[in-house]
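Take each task in turn, try it yourself, and then compare your steps with the worked solution.

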Amino acid sequence: MAKLIDGKAIAKALRASVTEQATRLSEAGVVPGLAVILVGDDPASEIYVRNKERAASKAGVNAQTIRYDAETAEETLLAKIAELNADTSVDAILVQSPVPGHIDEHKIQEAISPAKDVDGFHPENIGRLYANREGYYPIANTPRGIMTMLAHEGVKLAGKNVVIIGRSILVGRPMFALAQAADATVSLLHRYTPDNLRHELLQQADVVIVATGVAGLVTGADLKAGATVIDVGINRMADGSLVGDVDFASAEPVAGLITPVPGGVGPMTIATLLQTTAELAALHHGVTLEAGWQTI
Ligand SMILES: Nc1nc2c(c(=O)[nH]1)N[C@@H](CN(C=O)c1ccc(C(=O)N[C@@H](CCC(=O)O)C(=O)O)cc1)CN2
């Protein structure tokens, strides 16, 4: 039976640490500012944005959500981003993904100043990550949150065989760079990886990270005994329940450590977003923060 990785509890502790950082910043006269842009009325995005607002306000981060209807022109968003880039009370900017189809998401990501790119999606920040550059730059919050979870559980990646399924800019690609930088041997699988190759690679994996949006893609029969299994998938079923990309019932008896859905990786995304916001604010205002949770 695997040990459950309690993402909710780790995220709670991380948020408490961010609250302390925000107190330190406020003593220096700084309130971290986060601007979230939401375009359209995707119900899941509504939940995530509301949760971001609530968590930010509890942690002492000044969050504003800017809502646009689904038909909003790309130029309107670009103009708002330019305004937020120039606003010194805003340290961190993100556009909630997904955006409606007529909007070029890459253009939006590139319009956000790399210094305020709290999602770490700007090519300049991704480039730094892939080049394993030193110094501070924002890193996508879900993979960074996963690194924090692994460190919290004492899972070291150096010398390990890590298999990541899904190559999105939100999770798979930055996760690949982070795991490589941590000296793991990393395979990045995707929708065109043949089933038999995925199974073979999974059978040898010490750490498995799945972010595909395909419910139950990985089963216990795919896993090596004792593997650490990180499930990033959040799939809403017809009965309203949430399930991951890993078939939990069959995987849990085989894995050594496993994240549940819900209550695993999801809560870490928002806690890490607040962490990154506080770090950007500290950087912008020349305040030094304690390094307690800065595992990466
Ligand atoms: N600009 C961005 N867009 C999106 C990101 C992102 O990091 N930046 N990530 C996801 C959505 N997301 C945050 O934005 C997010 C997803 C899930 C959770 C979460 O806590 N999930 C809960 C379940 C909640 C529910 O749906 O009922 C869990 O897993 O326990 C938080 C944040 C895509 N877009």
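Leaving out residues up to four places away in sequence, Arg-167 touches Gly-172, Arg-173, Leu-188 and His-190. Keep in mind that this is a predicted model. We start with the surroundings of this arginine.

**Exercise 1. Find where Arg-167 sits and decide whether Arg-167 is buried, partly exposed or exposed.**

Step 1: Look up the position. Arg-167 belongs to the loop between β5 and α7.

Step 2: Count the neighbours. There are 18 C-beta neighbours inside 10 Å of Arg-167.

Step 3: Apply the cut-offs. A residue is buried with 20 or more such neighbours and exposed with 12 or fewer. Arg-167 therefore counts as partly exposed.

**Exercise 2. Work out whether Gly-166 is buried or exposed, and list what Gly-166 contacts.**

Step 1: Gly-166 lies in the loop between β5 (161-165) and α7 (172-181).

Step 2: Count again. Gly-166 has 23 other C-beta atoms within 10 Å, so Gly-166 is buried.

Step 3: List the contacts beyond four places in sequence. For Gly-166 they are Val-171, Gly-172, His-190, Val-210, Ala-211 and Thr-212.

Step 4: Check the record. An unreviewed UniProt entry places a "binding site" feature at Gly-166, Arg-167, Ser-168 and Ile-234.

**Exercise 3. Describe how helix α2 packs against helix α10.**

Step 1: Two packed helices are described by the angle between their axes and the distance between the axes.

Step 2: Read off both values. The axes of α2 (residues 43-59) and α10 (residues 265-285) come within 10 Å and cross at roughly 50°. That angle makes α2 oblique to α10.

Step 3: The crossing of α2 past α10 is right-handed.

Step 4: Name the residues that meet. From α2 come Asn-51, Lys-52, Ala-55, Ala-56 and Ala-59, and from α10 come Ile-270, Leu-273 and Leu-274. By class, this contact has six nonpolar, one polar and one charged residues.

**Exercise 4. Follow Thr-276 and find its surroundings.**

Step 1: Thr-276 is part of helix α10.

Step 2: Count the neighbours. With 27 other C-beta atoms within 10 Å, Thr-276 is buried.

Step 3: List the contacts, setting aside residues up to four places away in sequence. Thr-276 touches Ala-92, Val-118, Pro-138 and Asn-141.

**Exercise 5. Inspect the backbone at Pro-98, Pro-262, Asn-132 and Asp-183.**

Step 1: Look at the prolines. A cis peptide bond joins Ser-97 to Pro-98, with omega about 10°, and Pro-98 lies in the loop between β4 (92-95) and α4 (105-111). The bond from Val-261 to Pro-262 is cis, with omega near -5°; Pro-262 is in the loop between β11 (257-258) and α10.

Step 2: Look at phi. Asn-132, which is not a glycine, has a positive phi of about 55°. Asp-183, not a glycine either, has a positive phi of about 70°.

Step 3: Judge their exposure. Asn-132 has 10 other C-beta atoms within 10 Å and is therefore exposed. Asp-183 has 12 such atoms, so Asp-183 is exposed.

How values were computed
Residues are numbered from 1 along each chain as its sequence is written. This is a predicted model: local features need pLDDT of at least 70, side-chain atom pairs count only at pLDDT 80 or more; totals for chains, interfaces and linings use all residues. Axes are lines fitted to C-alpha atoms, for helices over the stretch in contact, and angles run from 0 to 180 degrees between N-to-C directions. Helices (H or I, at least four residues) and strands (E, at least two) are DSSP runs, numbered from the N terminus. Angles under 35 degrees count as roughly parallel, over 145 as roughly antiparallel, 65 to 115 as roughly perpendicular and the rest as oblique. A crossing is left-handed if the near helix is turned anticlockwise from the far one by less than a right angle, and right-handed if clockwise. Two residues are in contact if their C-beta atoms, placed from the backbone, lie within 7 Å. Ala, Val, Leu, Ile, Met, Phe, Trp, Tyr, Cys and Pro count as nonpolar, Asp, Glu, Lys and Arg as charged, and the others, Gly among them, as polar. UniProt positions are given in the numbering used here, feature names are shortened, and annotations may be inferred rather than shown by experiment.
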